[in-house]
Amino acid sequence: MAASAGPRPGWSRRAQYGLFFSFLAVLAGLAVGLILLILSLVAPQSYSVVRGAALDATAPISGALREVTTTVTGLVGGAGNYWDAANQNAQLKRERAALMRRMVEARGILEENQQLRAALQLREHSRDAVAAGRVVGSSFESSRRFAIISVGSSEGVQIGMPVRAAEGLIGRVIDAGSIASRVLLVTDRANIVPARILRGGQPVISTGRGDGTIDVRPLEVGKNPFKRGDVIVTSGTGGLYPPLVPIAKVIRLDDDGAIAIPIADPSRVSFAIVEPPFEPTALAAAAEPASEGP
Amino acid sequence: MVRSALGPQSARLNKGPRAGADYIPAATVVAGSLLALLPIVSATGWWPDFGLLMLLGWRLLRADAWPAWWAAPLGFVNDVIVGNPIGMSVAMWAAIMIALDILDRRTMWRDYWIEWAIATVVIALSEIAHWRAAGLMGADVPFNISAGPAILVGVLTFPIAAFIATRLDRWRLGR
């Protein structure tokens, strides 16, 4: 075991002073750290510039590493696809025929739906994506659930905007650098999404549980409305998230709610799409709930 | 001396510390923080805090790996890279340096198990602080699915960090 520097480094006055000033400096470091920490707990948005700059500096590294891993897994997966190709081909043909039939049905429903909507004169919001990027990393060392995506304010991303994938909702932006942003995932405890059950449309509240699952509770007290396999979609209440985006699928019931797993798995989705808030006025309001992030 | 210089294995002669030996420990702590940039998208946050593990590995190995106050800027780098609330690691790592300095004066002897026990306490306190800070920021997750597993994983991976610090120490000093 190496000898400790010890309380007294000999008779050298200079070395003694050196130790003493080093001790004062570490005390100062502790004090500065506590002040910074209190500031970031009380007023998280005060560091948005620093955090944005840090994201810009670090996200390209994660992005490049991500490219490497997707290439490698793609090669392995691609080789695997050749194995048993004839069986796969036959199966895919069967599925394609089945999907073709479903598509014709769906087209009929779509046209009927358009006619009915025209009859009701529902105003259709035009929803153009702000930007689309890759999920390049996550906060795997922290109990908070964040993901890093490879688009930032240079593409128009702003704090508070909802992020989704083709499969379903991912979360909302809480830090925006110029080329990367940090997303508060729907599985984070601090992310509360107004939602409803797709079957029946009963309003529920979705809260992350911090371990990759989501807690869903009905807004009205009463009989537990959930069933295993229920799909939870956003309700559009609050105006931040667009309505009817799938969030999660119920896997287990508990006393008065249920546990669900997110439909869009951030580690699998190919693209994360940043959308403008459903009601543009919600962005100003969203800056307040977003401030509970760091 | 002369005989060994004439022998085939003279590699151990004239070997002092390597260039930049004073900065290698701090650099490895930053490298540990940079591991947070690996493209891992995880549903849970149970991975250990690699920067803290390297800091502990070095600090428990030797008290003069870096001047104690370097812990504060190293902590700032860790906060910014990992995405912690800024100030968390600054305060925590400075406090760890002070606490371990005090501990160095109190302990009469040290062995590997005592160091592991000290590391366990420090890692646990650190994870609990992160857990409480997350709770204050609106993410009040139960202990047994967030900080608990993270403490376990961190404590079990500490020996790896300690091993890396020991080997790097011998390498940087040219031993």
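Colleague: At what angle do helix 2 and helix 3 of chain B pack, and how far apart are their axes?

Modeller: In this predicted model, helix 2 of chain B, residues 24-34, packs against helix 3 of chain B, residues 50-61, at an angle of about 155°, and their axes are 6 Å apart. Since angles over 145 degrees count as roughly antiparallel, that angle makes helix 2 of chain B roughly antiparallel to helix 3 of chain B.

Colleague: Is that crossing left-handed or right-handed?

Modeller: The crossing in which helix 2 of chain B passes helix 3 of chain B is right-handed.

Colleague: Which residues meet there?

Modeller: From helix 2 of chain B come B:Pro25, B:Thr28, B:Val29, B:Gly32 and B:Ser33, and they meet B:Phe50, B:Gly51, B:Leu53, B:Met54, B:Leu55 and B:Trp58 of helix 3 of chain B. Sorted by class, the residues of this contact are seven nonpolar and four polar, with no charged ones.

Colleague: Where does UniProt put the transmembrane regions of chain B?

Modeller: An unreviewed UniProt entry places the feature "transmembrane region" at residues 21-47, 67-100, 112-131 and 143-165 of chain B.

Colleague: How much helix is there in residues 112-131 of chain B, and what about residues 67-100?

Modeller: Residues 112-131 of chain B are 100% helix and 0% strand, with the end C-alpha atoms 28 Å apart. For residues 67-100 of chain B, the model has 74% helix and 0% strand, and there the end C-alpha atoms lie 13 Å apart.

Colleague: Switching to the interface, how many residues of chain B are in contact with chain A?

Modeller: On the chain B side there are 55 residues, and they are in contact with 53 residues of chain A. The elements giving two or more residues to that side of chain B are helix 4 (71-82), helix 5 (88-106), helix 6 (112-136) and helix 7 (147-172) of chain B. Helix 5 of chain B gives the most, with nine residues, and by class the side of chain B that touches chain A has 38 nonpolar, 10 polar and seven charged residues.

Colleague: Over in chain A, what is the order of the strands in the open sheet?

Modeller: The open sheet of chain A has seven strands in the order 1-13-4-5-6-3-2, with antiparallel pairing. Strand 1 (131-133) and strand 2 (135-138) of chain A each have a single partner strand and stand at the edges, so one side of each is left without a neighbour in the sheet. From one strand to the next, the twist averages 35°.

Colleague: How many bridges join strand 1 to strand 13 of chain A?

Modeller: Three bridges join strand 1 of chain A to strand 13 of chain A, residues 272-274, and the two run antiparallel. In that pairing, A:Gly133 stands opposite A:Ala272 of strand 13 of chain A.

Colleague: And which residues stand opposite A:Ala260 in strand 12 of chain A?

Modeller: A:Ile214 has A:Ala260 as its bridge partner, and A:Val250 also stands opposite A:Ala260. Strand 9 (residues 214-218) of chain A pairs with strand 12 (residues 258-262) of chain A in the antiparallel sense over three bridges, while strand 11 (residues 246-253) of chain A pairs with strand 12 of chain A, also antiparallel, over five bridges. A hairpin through four residues joins strand 11 of chain A to strand 12 of chain A.

Colleague: Last one, which residues of chain A does the coiled-coil annotation cover?

Modeller: The UniProt annotation "coiled-coil region", from an unreviewed entry, covers residues 82-109 of chain A. In the model that span is 93% helix and 0% strand, with its end C-alpha atoms 38 Å apart.

How values were computed. Residues are numbered from 1 along each chain as its sequence is written. Chains are lettered from A and ligands numbered from 1 in the order in which they are written. This is a predicted model: local features need pLDDT of at least 70, side-chain atom pairs count only at pLDDT 80 or more; totals for chains, interfaces and linings use all residues. Two residues are in contact if their C-beta atoms, placed from the backbone, lie within 7 Å. Ala, Val, Leu, Ile, Met, Phe, Trp, Tyr, Cys and Pro count as nonpolar, Asp, Glu, Lys and Arg as charged, and the others, Gly among them, as polar. Axes are lines fitted to C-alpha atoms, for helices over the stretch in contact, and angles run from 0 to 180 degrees between N-to-C directions. Angles under 35 degrees count as roughly parallel, over 145 as roughly antiparallel, 65 to 115 as roughly perpendicular and the rest as oblique. A crossing is left-handed if the near helix is turned anticlockwise from the far one by less than a right angle, and right-handed if clockwise. UniProt positions are given in the numbering used here, feature names are shortened, and annotations may be inferred rather than shown by experiment. Two strands pair if DSSP finds at least two bridges between them.
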